[in-house]
Amino acid sequence: MAIPRKLSSTCLRAFIVILLASVCNGFYLPGSYMHTYTPGESIFAKVNSLTSIETELPFSYYSLPYCKPEGGIKKSAENLGELLMGDQIDNSPYRFNMNRNESLYLCTTNPLNDNEVKLLKQRTRDLYQVNMILDNLPALRYAKQNGINIQWTGYPVGYAPPQSSEDYIINHLKFKVLVHEYEGTGVQVLGTGDETMAVVPESEKKLNGYEIVGFEVVPCSVKRDPEAMLKLKMYDAVDPINCPVELEKSQIIREQERVTFTYDVEFVKSDIRWPSRWDAYLKMEGARVHWFSIMNSLMVIFFLAGIVFVIFLRTVRRDLTRYEELDKEAQAQMNEELSGWKLVVGDVFREPNCSKLLCVMVGDGTQILGMAVVTIVFAALGFMSPASRGMLLTGMIILYLFLGLVAGYVGVRLWITIKGTTEGWRSVSWSVSCFFPGIVFIILTALNFILWGSKSTGAIPISLYFILISLWFCISVPLTLLGGYFGTKAEPIQYPVRTNQIPREIPARKYPSWLLVLGAGTLPFGTLFIELFFILSSIWLGRFYYVFGFLLVVFVLLVIVCAEVSVVLTYMHLCVEDWQWWWKAFYASGSVALYVFMYSINYLIFDLRSLSGPVSAMLYLGYSLIMAIAIMLSTGTIGFLISFYFVHYLFSSVKID
């Protein structure tokens, strides 16, 4: 049946709008989120999940007795990353009329029951913060401690002053909205605020109005007469309040108390332009990067890596040059007096123990490494913004799914190189597609039971479980099998020397070789640990991470150091006639993950001292374990592949009969 032309063009326009929406939500396009408001236009703030650095368990905003919007609670469209991070964005009753200063009444609660009082006190003492968003900007709160100005996002649920045994709820908010007056031509925006669907250029369209470039809040607790307040309707005018107020005039959290919620809003003109409105968040005191110490660390790492690399080149070149300068008679005599790596020529390419597991781990490591490279490069080029909540994680998941093609190819090609036959490639492909995702799935399921028991919004919904499993088996697994099929069609790597039938005995050593392998991870860790501090702070302390350009430099440096360390360790083992280099090459650089996990425990003990309770600690350790496994697979893959090509080059450069 023919499709009408009008219907087909409508479908095409809808497809383009959806495509633009997905692109604009995922990447930082200048102008794609901009909205110009006219004077008097109503804007509603949104609320995110309640969060705390004490427990790291997010909870819904409306789990506490707060005022609800007139039209009911409506959830904003969430992407995959937001759902996995536990972000639950809802609408709120806080209404702002552009460029109109007001003091408004919201609601008065019913008398607080015993359960509500216990919950409010618990959230107050666990230092939970209310996270509010206006035009995609989080609310900023300024505080002064020991004479130092500190910025926070959000405001506390309540507070417990040291001079009082009572807890007090924050029920009055003083908002300051910074606006920039805009005049000129621009774009037509389809949708409003952070729900912008797409943008359509209109060069001749005049835009006059105000852009929101800042959102600040001052919280305080105010005791009001509930009988007088109950006579008011939502958004009726009330008398403004000067915060903070005396403790005697604050609202106590007590059973049978009615809590009245009010707010003030003040619009202030600002010279800040819309593209610079996130500068205040990215320059927060706690997230400032210590460039001097980082550059000093980089210089030390470059210096050590350079020394190791120079020593390695001189040693190998001297061995090869001496051998090539000999005549045939001298070579024959030298073959009888071979020493070091030349003695293991008949065993160096012997199949390693657990060869299938090695192929699977290298395949998964390639997949994780490719995901990291593409994500960091795109973020460093400015294609991702903190304004796009959850899209960084969403992009990483999508990249990982489609890079299953590369993982299957690498894993199967290594398998047929080791085995010399394509038999069993399907089993390798299936294992590659299930190994790392299976580990992550088991850990997340265990953590999810803990979150479900705590009734936290951080728990992954059952529906999302089915979505993730569907993506896994409908995209990643088929692509991995397809990549494995391509791997069987590729030419296997030919060894330059033959392998003896009887394995050569490895000489005894005074100390275990694995001790040296595990110690080798300290050098790659030296390139990573400073940046790791800021990454952990951004994840667990709610800070914004934005220095992706420097992260790219650190990542490149990490790859170089992992390659050098693994090659040097491989050469050292061959020199002492240890031909079992396969797994040691993998773990020489992959052992950095052990130090990353140990550093995570150190960070938990000394930097997250406020983290309370076994549930929070188990969540932290579970996510840290996933991160450490991913680092081990990716860095181990770097070291192994470089070492493999080094050994292949070394033994193909000299012919030994």
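1. C359 is buried, at a relative accessible area of 0%. Buried means under 20% relative accessible area, exposed over 50%, and partly exposed in between (1.4 Å probe, protein chains only). C575 counts as partly exposed, at 30% relative accessibility.

2. A note on the basis. This is a predicted model: local features need pLDDT of at least 70, side-chain atom pairs count only at pLDDT 80 or more, and totals for chains, interfaces and linings use all residues. Residues are numbered from 1 along each chain as its sequence is written, and side-chain values use heavy atoms, with hydrogens and water left out.

3. The count of disulfides is 2, taking a disulfide as a pair of cysteine sulfur atoms within 2.5 Å. With the bonded cysteines numbered in sequence order, the pairing is 1-2, 3-4.

4. C67 is joined to C107, S to S 1.8 Å. The torsion about their S-S bond is about -90°, so this disulfide is left-handed. The pair links distant parts of the chain, 40 residues apart: C67 sits in the loop between β1 (42-47) and α2 (80-85), C107 in strand β3 (residues 102-108). Helices (H or I, at least four residues) and strands (E, at least two) are DSSP runs, numbered from the N terminus. Both C67 and C107 are buried.

5. C220 is joined to C243, S to S 2.0 Å. This pair also links distant parts of the chain, 23 residues apart: C220 lies in strand β13 (residues 198-220), C243 in the loop between α4 (226-229) and β14 (260-269). C220 is buried, with a relative accessible area of 3%.

6. Helix α9 (residues 391-402) buries M391, T394, I397, Y400 and L401.

Terms used
The expected span of a helix is 1.5 Å times one less than its number of residues.
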